[in-house]
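Dear colleague,

Please find the structure below, handed over for your own work. My notes on the findings follow it.

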Amino acid sequence: MRPKSYSNLSQSVSQYVENLLQIDNDPNLQQVMQIAKKRGTPPLQVVPTDGRNLEVFARTVQARKIVEIGTLCGYSAVFLANALPEDGKLYTCEHSTHHAAVASEVFQNLGLSHKIEIKIGKALDTLPSLVREGPFDLIFIDADKANYPKYFDWAVENLRSGGLLIADNVFVFGFVGNEELPQGELANLILAMRNFNEKCVKDKRLVTTFLPTGEGMMVAVKK
Ligand SMILES: C[S@@+](CC[C@H](N)C(=O)[O-])C[C@H]1O[C@@H](n2cnc3c(N)ncnc32)[C@H](O)[C@@H]1O
């Protein structure tokens, strides 16, 4: 029987794909995670298969200029940077100076510093300085969920036609479709993400879809 909905994807299928791709065995990614562990960044990076998704998307649009919002230890940034040509550029926004320092160590160790610039500060404060570097081929949103709609507005303006807008965690840990809202902060998060998802779908400048990843990945192409 074929799975009919996102939630029916089985653990064994996920395990099968992970075993097949063997992304975790990449020595560079192992180094990223060693540095992240040593420096104590929280384990909130994308899963390896989502990292691969990002790299495939970036290669598909032959990205030369990318913006990422939410760097953490630089794990997803490594996939995106790997897709860039030698003279390509990834601008990655991070407000934690500790996370930015860890990512900087990662990029230096992997010889990626020439392709990656970390913009330190709240993304809404640093993004305006990037406008002159655009338009961009791909923009990846993976930071504070409450600001996703504002990141969306900036991103659609600063993407090239044919460029991709990608956002992670749009299924809110699997709760996004729940009819009954849980108590507390999670309910706010669900409502915020539903608004964001609707905003993506309604915007006539984009064609939008949602990938059935564990976290839920919104992918939209600018017309
Ligand atoms: C989920 S993690 C990013 C994971 C990363 N993309 C990866 O997969 O390796 C979110 C990051 O966004 C950062 N962040 C949160 N709010 C932010 C803001 N307003 N501006 C910039 N960065 C922010 C956090 O400090 C954290 O490092």
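Leucine 72 sits in the loop that runs between strand 1 and helix 4; helices (H or I, at least four residues) and strands (E, at least two) are DSSP runs, numbered from the N terminus. Please note that this is a predicted model, in which local features need pLDDT of at least 70 and side-chain atom pairs count only at pLDDT 80 or more, while totals for chains, interfaces and linings use all residues. Residues are numbered from 1 along each chain as its sequence is written.

The phi angle of leucine 72 is near 55°, a positive value in a residue other than glycine. Leucine 72 counts as buried because it has 25 C-beta neighbours inside 10 Å. The term buried means that 20 or more other C-beta atoms lie within 10 Å of the residue's own; a residue is exposed if 12 or fewer do, and partly exposed in between, with C-beta atoms placed from the backbone.

Glycine 74 is located in the loop between strand 1 (65-69) and helix 4. It counts as buried, since 31 C-beta neighbours lie inside 10 Å. The C-alpha atoms of glycine 74 and alanine 103 are separated by 4.7 Å, although the two are 29 residues apart along the chain. Apart from neighbours within four places in sequence, glycine 74 is in contact with Val32, Ala103, Val106 and Phe107; a contact requires the C-beta atoms of two residues, placed from the backbone, to lie within 7 Å.

**The ligand shell**

Which residues are closest to the ligand? Of the 19 residues that surround the ligand, the closest are Gln45, Gly70, Tyr75, Ser76 and Asp144. Helix 4 (75-83) and strand 2 (89-94) are the elements that give two or more residues to this shell. By class, the shell divides into seven nonpolar, eight polar and four charged residues. Here Ala, Val, Leu, Ile, Met, Phe, Trp, Tyr, Cys and Pro count as nonpolar, Asp, Glu, Lys and Arg as charged, and the others, Gly among them, as polar.

Serine 76 has its place in helix 4 and is buried, with 25 other C-beta atoms within 10 Å. Not counting residues up to four places away in sequence, serine 76 touches Gln45, Val46, Gly51, Leu54, Glu68, Phe140 and Asp142. Serine 76 and leucine 29 are 47 residues apart in sequence and 9.7 Å apart in space, C-alpha to C-alpha.

**Helix 1 and its partner**

Helix 1 (residues 11-21) is hardly covered, as the count of buried residues among its 11 residues is zero. Helix 1 and helix 3 (residues 48-60) pack with their axes 10 Å apart and at an angle of about 65°. Axes are lines fitted to C-alpha atoms, for helices over the stretch in contact, and angles run from 0 to 180 degrees between N-to-C directions. The contact involves Val17, Glu18 and Leu21 of helix 1 and Pro48, Thr49 and Arg52 of helix 3. These comprise three nonpolar, one polar and two charged residues. After helix 1 comes glutamine 22, with a positive phi near 55°.

Glutamine 62 lies in the loop between helix 3 and strand 1. Its phi is near 45°, a positive value in a residue other than glycine. Glutamine 62 counts as exposed because it has 12 C-beta neighbours inside 10 Å.

**A cis peptide bond**

Glycine 134 and proline 135 are joined by a cis peptide bond, with omega about 0°. Glycine 134 belongs to the loop between helix 6 (123-126) and strand 4 (136-141), and proline 135 is in the loop between helix 6 and strand 4. With 18 C-beta neighbours inside 10 Å, glycine 134 counts as partly exposed. Glycine 134 touches Lys65 and Asn158, leaving out residues up to four places away in sequence.

**The protein as a whole**

The protein contains eight helices and seven strands. Its radius of gyration is 17 Å, close to the 17 Å that the globule rule gives for 223 residues, so the protein is as compact as a globular protein of that length. The radius is taken over C-alpha atoms, and the globule rule is 2.2 Å times the number of residues to the power 0.38. Buried residues make up 39% of the 223 residues.

Yours sincerely

Conventions. A residue is near a molecule or strand if its C-beta atom, placed from the backbone, lies within 6 Å of it.
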